[in-house]
Amino acid sequence: MKELGMKLLELLALSLGVDRLHYKELFEDGCSVMRCNFYPSCQEPSLALGTGPHCDPTSLTILHQDQVGGLDVFADNTWQTVPPRARALVVNIGDTFTALSNGRYKSCLHRAVVNKYKERRSLAFFLCPKEDKVVRAPEDIVRRDGTKQYPDFTWSNLLEFTQNYYRADEATLHNFTKWLLSSKQQTL
Ligand SMILES: *[C@@H]1O[C@H](CO)[C@@H](O)[C@H](O)[C@H]1NC(C)=O
Ligand SMILES: O=C(O)CCC(=O)C(=O)O
């Protein structure tokens with residue numbers, strides 16, 4: 001999974017016009033996470049959610065869902081179903097990659113709904129940078145964009161924020177940035 005994640009990062013780097021291996025060093029020896037989700041069936045699916053709306057704080061998520069379906073992404077101002085496809089994986093951008101791309105790639109707001117009759121399983125692999133390495137958009141992107149959108153941080157800063165102070169939602173990166181700037185008096 002990590003190898004696949006690293007290949008995807010190479011493609012993302014190329015798409016941003018930076019060196020293909022630019023992001024590699026940040027993720028080498030990083031401690032990635034695999035989560036196994038189990039959603040029991042629910043008699044009142046309209047009153048419950050399996051996983052509430054959030055953006056992943058990590059950089060890339062590679063998700064496998066079973067054939068029941070339940071993953072929704074928020075796009076064009078509405079919740080849209082991501083239909084399960086046998087043998088396909090879903091790739092999501094997370095907040096850390098938003099910062100690494102200076103905001104060019106937006107992390108994807110998503111949720112999981114439950115099913116009235118069927119239980120559902122999904123497997124989510126979260127690619128994480130090495131904890132103490134600095135997350136910072138490449139110089140040439142920042143130069144081309146004219147501004148640096150996010151302060152420098154480490155993955156362990158963001159992990160501390162989401163484990164101790166804040167439950168991930170659609171505003172995690174925004175609120176993390178505010179928290180970081182006020183707690184460290186750092187400047188952009
Ligand atoms: C996060 O940021 C949003 C948007 O600025 C704000 O409305 C919300 O209250 C913040 N949440 C927390 C818990 O700070
Ligand atoms: O079960 C799903 O399809 C989504 C899971 C998810 O968003 C997560 O584990 O963070």
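Author: An axis here is a line fitted to C-alpha atoms, for helices over the stretch in contact, and angles run from 0 to 180 degrees between N-to-C directions. This is a predicted model, in which local features need pLDDT of at least 70 and side-chain atom pairs count only at pLDDT 80 or more, while totals for chains, interfaces and linings use all residues. Residues are numbered from 1 along each chain as its sequence is written, chains are lettered from A and ligands numbered from 1 in the order in which they are written, and side-chain values use heavy atoms, without hydrogens and water.

Reader: Why are helix 5 and helix 6 called roughly perpendicular?

Author: The axes of helix 5 (residues 155–165) and helix 6 (residues 172–184) cross at roughly 105° and come within 11 Å. That angle falls in the band for roughly perpendicular (65 to 115 degrees), and the pair is therefore given that name.

Reader: Which residues of helix 5 and helix 6 meet?

Author: From helix 5 come N157, L158, E160, F161, T162 and Y165, and from helix 6 T172, N175, F176, W179, L180 and K184; contact means heavy atoms within 4.5 Å. By class, this contact has 6 nonpolar, 4 polar and 2 charged residues.

Reader: What makes a residue one of those around ligand 1?

Author: A heavy atom within 4 Å of the ligand puts a residue there, and Y166, A171, H174 and N175 are the ones around ligand 1. They divide into 2 nonpolar, 2 polar and no charged.

Reader: How do you know that the side chain of N175 has a polar contact with ligand 1?

Author: A polar contact is a pair of N or O atoms within 3.5 Å, and an N or O atom in the side chain of N175 is 2.6 Å from an oxygen atom of ligand 1. H174 qualifies too, at 3.0 Å. The protein covers 34% of the 360 Å² of accessible area (Shrake-Rupley method, 1.4 Å probe) that ligand 1 has on its own.

How values were computed
Helix = DSSP H or I, 4+ residues; strand = E, 2+ residues; numbered from the N terminus. Parallel < 35°, antiparallel > 145°, perpendicular 65-115°, else oblique. Nonpolar A, V, L, I, M, F, W, Y, C, P; charged D, E, K, R; others polar. Polar contact = N/O pair within 3.5 Å; in protein donor to acceptor, adjacent residues only side chain to side chain.
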